[in-house]
Amino acid sequence: MQKWIMSGLFFAACAFAVVLMFTLPGKEEVAEQNKPTMPEIQLDAAKAEATVKANCITCHGDQLQGGIGPSLKNEGGQHDAAGIYSIVTKGRGQMPSFKEKLAPEEIANVATWLAEKK
């Protein structure tokens, strides 16, 4: 009797595992879902500079030369605006996320502004 119960439980566990394999998202799907979408904005360089001065100079320096964080003078040569938007929104390494501190449009404006620095 116990063999039948154990066989039934094993079969149910295998069936459950197969169902999960085909219904759970893969790594690529999860990465795409976690990628923030940058809103469309018109670049306002003055607002971008003001946002950077208010939020970024303590780590990246008053001339964006670097300090605690890396230099941002040539950031556009390394990342496009969407990549910069993702980094600022989600954070990376020692850099914290700014999604709770800045509006998505503000982050997009800064990202577009930094992407032009090549």
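Five helices, α3 (45-55), α4 (57-60), α5 (75-78), α6 (81-90) and α7 (104-115), each supply at least two residues of the lining of the largest pocket. Helices here are DSSP runs of H or I with at least four residues, numbered from the N terminus. The largest share of this lining, three residues, comes from α6. A pocket is an open set of points on a 1 Å grid where a 1.4 Å probe fits, with protein on both sides within 12 Å along at least five of seven lines, and lining residues have an atom within 4 Å of a point. The model is a predicted one, in which local features need pLDDT of at least 70 and side-chain atom pairs pLDDT 80 or more, while totals for chains, interfaces and linings use all residues. Residues are numbered from 1 along each chain as its sequence is written, and side-chain values use heavy atoms, without hydrogens and water.

The pocket holds about 520 Å³ of space, a volume being the space filled by probe spheres set on the points, which are joined across faces, edges and corners. Of its 24 lining residues, His 60, Pro 70, Leu 72, Ile 87 and Met 95 lie nearest the centre. By class, the lining has 14 nonpolar, eight polar and two charged residues.

The loop between α4 and α5 contains Leu 64. This residue has a positive phi of about 60°, although it is not a glycine. Most residues other than glycine have a negative phi. Leu 64 is also buried, with a relative accessible area of 8% (buried means under 20%, with a 1.4 Å probe and protein chains only).

Notes. Ala, Val, Leu, Ile, Met, Phe, Trp, Tyr, Cys and Pro count as nonpolar, Asp, Glu, Lys and Arg as charged, and the others, Gly among them, as polar. Buried means under 20% relative accessible area, exposed over 50%, partly exposed in between (1.4 Å probe, protein chains only).
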